[in-house]
Amino acid sequence: MTVPHEFVNWFRSSSPYIHAHRNKTFVISFGGEAVLAADFEHHVHDFALLNSLGIRLVLVHGIRPQIDQRLQNSAPPRFHNHLRITDGLALQAVKEAAGLVRVEIEALLSLGLANSPMAGAKIKVASGNFVTAKPLGIIDGIDYCHTGEVRRIDSEAIHQQLDQDNVVLISPIGYSPSGEIFNLSAEQVATAVAIALKAEKLVLLTEQNCCHPDSGEKIQQMTTAEVTAFLDEHKNLHEIISLPLKAAIHACNSGIARVHLINRLQNGALLLELFTRDGIGTLVSSTPFEDLRPAIMNDIGGILELIKPLEQQGILAKRSREKIEMEIADYFVIERDGLIIGCIALHAYLQRHFGILACLAVHPNYQRSARANRLLDHACRKAKQLNLKKLFVLSTQTVHWFIERGFISSDLSNLPEPLKALYNPQRNSKVLCKDIE
């Protein structure tokens with residue numbers, strides 16, 4: 001059982017996301033495997049929770065295993081380049097599977113039994129012919145028959161349903177103007193829908209974590225450029241991960257700010273990803289999720305919150321908001337999803353070619369990850385750009401950390417006159433310096 005104060009801390013930390021996600025459009029895709037799983041109702045409860053928090057929700061489901069089940073006694077499934085060859089018999093299985101899965105999901109979203117997580121929920125579900133498709137045709141001599149690709153998404157009709165607080169449920173089938181039906185890739189449909197709706201997020205529930213093939217470590221975040229390089233390097237990556245990653249690249253390159261790959265096998269993974277700062281899955285974005293940049297006035301509150309505990313411990317000298325405002329141009333920060341998790345100040349004395357480093361701090365949750373090194377290296381590079389010859393540091397409790405990074409102990413008498421005037425004897429700080437080469 002969660003300790004009360006832990007719940008309070010979690011709830012407070014999630015509140016910015018609750019506020020930020022309200023009235024935003026999320027497209028969530030999940031495979032037919034998720035629908036067959038015994039714990040699928042937990043996902044449905046989480047979908048209902050997102051809807052109750054004011055998120056405009058579009059769900060796109062897959063049906064591959066359901067189609068295979070219907071074909072196993074009649075004809076073996078045929079695939080080429082990870083795409084099903086949908087002949088007449090397979091098309092009949094596609095229609096049966098899509099209809100059954102859609103009805104099952106609608107039934108679960110309609111559940112409002114007492115003593116269940118959806119007690120009192122009144123969720124309206126809308127389905128329809130939102131996807132216009134065209135045949136994939138013949139590729140490499142292979143006729144894909146009734147396998148198609150997305151031609152157009154009726155975004156206006158979907159927005160109308162979302163405006164009425166409906167959850168929109170879309171199956172991976174499309175229709176042609178002539179009335180033909182085509183079997184589509186769920187990832188492709190979800191990506192096309194997200195792009196057409198200009199959704200804030202595309203969420204792909206996957207069958208496993210996105211891990212590095214060599215180390216086995218889970219990948220927390222990547223830019224589209226990093227994903228492209230990753231796929232080029234690991235060409236034999238299983239389609240369970242390669243297809244969602246390719247979908248993520250396409251979505252981000254088409255204007256979707258963030259794509260999340262989440263292992264649907266972990267209970268509550270969707271909530272952990274969307275309502276905690278570090279998430280639980282793999283985030284793909286066009287620009288870095290974490291950025292080291294010059295500070296601006298809007299960062300002052302975050303800087304003060306970051307350094308206050310260190311000031312109370314005597315690690316940092318106390319600074320007023322007014323002082324930081326006056327010197328904000330000297331500060332650099334690491335921002336992670338809107339939170340200032342690191343900062344450093346470089347006060348440069350250009351005419352005398354020296355500078356002093358100050359206010360180096362990293363949020364406790366993000367220490368031991370080389371971020372302090374990153375801040376220090378950035379400040380040293382900036383000092384070199386400014387043609388400074390020497391850097392000074394005044395430290396009480398981190399002397400050895402700086403010595404390990406090339407600083408040497410010095411004497412108070414070696415401080416330049418402007419720094420001597422600022423020296424506080426009560427803190428009795430050690431003086432360290434480093435030549436800039």
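The protein carries 44 positive and 46 negative side chains, and the centres of these two sets are 6 Å apart. Here Lys and Arg count as positive and Asp and Glu as negative, while His and the chain ends are not counted; the place of a charge is NZ of Lys, CZ of Arg, CG of Asp or CD of Glu.

This is a predicted model, in which local features need pLDDT of at least 70 and side-chain atom pairs count only at pLDDT 80 or more, whereas totals for chains, interfaces and linings use all residues. Residues are numbered from 1 along each chain as its sequence is written, and side-chain values use heavy atoms, with hydrogens and water left out.

Let me turn to the overall picture. The C-alpha atoms fill a box of roughly 90 × 55 × 35 Å along the principal axes. The protein has 15 helices and 23 strands; these are DSSP runs numbered from the N terminus, helices being H or I of at least four residues and strands E of at least two. Of the 437 residues, 45% count as buried, that is, under 20% relative accessible area with a 1.4 Å probe, protein chains only.

In what order do the seven strands of the open sheet stand? The order is β17-β18-β19-β20-β21-β23-β22, with mixed pairing; two strands pair if DSSP finds at least two bridges between them. At the edges are β17 (290-294) and β22 (408-410), each pairing on one side only. From one strand to the next, the twist averages 25 degrees.

Strand β18 (residues 331-336) runs antiparallel to β19 (residues 339-349), joined by six bridges, and F332 stands opposite I344 in β19. Seven bridges link β19 with β20, also in the antiparallel sense, where H347 faces I356 of β20. Their hairpin has four residues between the strands, and H353 takes a positive phi near 60 degrees there. β20 then pairs with β21 in the parallel sense over four bridges; in β21, F392 is the bridge partner of I356.

Finally, the helices. Helix α11 (residues 300-312) lies across β18, β19 and β20 (354-362), at about 85 degrees to β19. Helix α13 (residues 371-385) lies across strands including β17, β21 (390-395) and β23 (430-435), at about 30 degrees to β19. Axes are lines fitted to C-alpha atoms, for helices over the stretch in contact, and angles run from 0 to 180 degrees between N-to-C directions; contact means heavy atoms within 4.5 Å.

How values were computed:
Buried means under 20% relative accessible area, exposed over 50%, partly exposed in between (1.4 Å probe, protein chains only).
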